[in-house]
Amino acid sequence: MPRQFLPVSRRRLLQSTAAGAAATMAGALSAVLRAQAAPVKIGVLHPVSGALSYSGQQGRIGATIAIEEINSTGGLKALGGAKIEPMLGDAQSTPEGGNAEVEKMNAAGVAAIVGGYASSICLSASQTAARYDLPYIVDVGVVDSIVTRGLKNTFRFGPGFGIIAKTALDNLVTLNDQAGKPAKTVMIVHEDSAFGSGLAKLLETQLPERGFQILETIPHPTPARDFNTVVLKIKAQNPDLVIPANYYNEYVLLARTMQQQRVRPKGIYSVLGGAASSYKFVKEFPGAAQYIMDCNHWFDPKNPKALALKKKIEEKNAFYTYEVYMNYSCMLLLADAIERAAGTDRGKIIAALADSTFAGHVMPYGPTRFVDGQNQGAAPVNTQVLDNDIQVIFPASFASARPVFPMPRA
Amino acid sequence: MLSPAILLAAVLNGLMTGAVYALVALGLTLIYGVLHIINFAHGALLTAAMFAAFFAHQLLGLDPYAAAVFLAPLFFLIGYGLQRFIIGPAAHGEDRNILLVTLGLAVIIENALLYAFRADTRTVDLPYAFDVVEVGATFLAVPRLVAFIVVFAVALGLWLIMRWTDTGKAIRAVAKEKRGAELVGIEVAHVYALTFGLGTACVAIAACLLIPSYYVNPHAGNAFVLIAFTIVVLGGMGSVAGALIGGLFVGVVESLSGYFLGESLGQISIFVMFILVLLFRPRGLFGERA
């Protein structure tokens, strides 16, 4: 590279950026001084650009709505009504992007971080946060190693793979038994990062133990441009069940391609299917979505707070997806911990999270109790798309409809 | 499990997908052939065109295929303007600068789209989106079949323009010998902009062909651009026929290797091919010697 490549010299550039940063910080500082109680900065980290941007954006909506609600109802009471000031970060759909944001948030002095969304981002971001004893609440990331690395700062409010896969398999067996065991063979289509591959591996060991034969497991990248080849394979092998485990865009493409190629297995049963229990998918492609079953995160349909949030989100012309209510719940969980810690000391917040029994969330979970950072009450539910709506079919205590299986022939 | 029917289906599917790749690559190769730069804004322009097609359907009720008739000229003008008034002047005659300017444009366009439309994934639901034509044991989706035919028509049109019109001759002259073309009175800046416009128009048509079966979000175009680069290298930089045949070839290779090696691993074969071509036939299959 020639020396005069940049019209501004490197030193000048550094000087001016430093000056700019100082000015911004001074501005922020004076804003702090004006307020009565110093606001509490919280990092809100999501992949709002890149391949996962839709989910990231939805997560951000959930987290920021929770913050708005807290701030508009008197802020953090134990801190003299201090407001929460979100510091929004974009993980750019990569673990490195997540790390960079954690570094920035730490430098800006956040009290804790909520988010990450993808397992791979959660894994690396929480590890980086651990270096600074910075409390990190995983919003979605389901890979079990997130909470088995012995990181004291990392908490996951939602369920991990282990419990999700177990629930999904138990319910699948129940479903199949109730219908007279029509399904014997299975094909798995999964995305090839930590989430999809981890899940596929789990299913590959556990499905045969429960009497299902796996014909093939097909990994694909995210983003994928085309699913015709995958669907061809499904068509060639004609499995009774197709189990997709991928993110939203790919899930929709797969389901649409299956509809297009007239591939109709006895059931499409997803485990954490990116779109399988998404109102957006059901609204936009009712034909492709009909009868799809999913074992996934879901809100408590009997909780008035969950329904109020649903209304609020839909009024904003957004879809009420799991990213929204999970982030919403995580942010409330964190606020509760900060209240009990009565300050922004990171160690105290971590301790408060570790003994949290928080009940003010909107999820269909059992009592909140953290063991090694994992909420023991967390559990997924099974849903099915029936007549342009998403119904809960398992567990019985939350069910709003009876499952339709096998899929009726069109 | 390897039946001829499946193999045929995989090949047909590859051809369909490859046709759209070819169209994206066609625009890229045209710009490369004449301006001798890689247009990094190609993906962003594709995304922008997909948004345009989406909103033409959503707001004006225009079918994407009908929209192509308006969007192609519109994006021709946008491309022309970009090259004539932004890329050209900002480059100060240095190829290296053009590269950076297009990269900058890509960042600006993508983020402007992200700002304006957020990261939502949008899809168009068309009555014929799920229509299929039966070919043997396989179903060909109507939108993909239409895309296949349109791509050939566009490539033919482009070839005719390049071969028989004065504009085409001027473009070829500039591509071959810029100084010489200037000496015989061809306005190089105008030809550059024309070429950029044509390349961008290709992208607009590709967007209209993609939108019935694909989705759009501010990053949707990028998925196609890396492939298009590979095709351009494979077919020969600047060769229209090379882009077309390269596109179809890559589509089939992707489909078959996806079938035999799996979708994740299948992607490798495209890039292995890319490296092999660079090693053994750096000018590409149809490229002319520099």
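This is a predicted model: local features need pLDDT of at least 70, side-chain atom pairs count only at pLDDT 80 or more; totals for chains, interfaces and linings use all residues.
**Which handedness does the crossing have where α3(B) passes α8(B)?** The crossing is right-handed; here, right-handed means that the near helix is turned clockwise from the far one by less than a right angle, and left-handed means anticlockwise. Residues are numbered from 1 along each chain as its sequence is written, while chains are lettered from A and ligands numbered from 1 in the order in which they are written.

**View 1. Helices α3 and α8 of chain B pack together.** Helices here are DSSP runs of H or I with at least four residues, strands are runs of E with at least two, and both are numbered from the N terminus. Two packed helices are described by the angle between their axes and the distance between the axes. For α3 (residues 64-91) and α8 (residues 188-210) of chain B, that's about 145 degrees and 6 Å. Axes are lines fitted to C-alpha atoms, for helices over the stretch in contact, and angles run from 0 to 180 degrees between N-to-C directions. The α3(B)–α8(B) contact has 23 nonpolar, six polar and one charged residues. Ala, Val, Leu, Ile, Met, Phe, Trp, Tyr, Cys and Pro count as nonpolar, Asp, Glu, Lys and Arg as charged, and the others, Gly among them, as polar.

**View 2. G14(B) sits in helix α1 (residues 4-35) of chain B.** G14(B) is buried because 26 other C-beta atoms lie within 10 Å. The cut-offs: 20 or more such atoms within 10 Å is buried, 12 or fewer is exposed, and in between is partly exposed, with C-beta atoms placed from the backbone. Leaving out residues up to four places away in sequence, G14(B) touches G251(B), V252(B), E254(B), S255(B) and L256(B). Contact means C-beta atoms, placed from the backbone, within 7 Å.

**View 3. Helix α2 (residues 53-72) of chain A has the span you'd expect.** The expected span is 1.5 Å times one less than the number of residues. α2(A) is mostly covered, with 15 of its 20 residues buried. Just after this helix, G74(A) has a positive phi of about 100 degrees.

**View 4. Chain A meets chain B.** The contact brings 32 residues of chain A up against 29 residues of chain B. On the chain A side, the elements giving two or more residues are α2, β7 (213-220), α7 (228-237) and α8 (248-260).

View 5. A cis peptide bond links T222(A) to P223(A), with omega near -5 degrees. You'll find P223(A) in the loop between β7 and α7 of chain A. R262(A) isn't a glycine, yet its phi is positive, near 55 degrees. R262(A) lies in the loop between α8 and β9 (267-271) of chain A, and it's partly exposed, with 13 other C-beta atoms within 10 Å.

How values were computed
Two residues are in contact if their C-beta atoms, placed from the backbone, lie within 7 Å.
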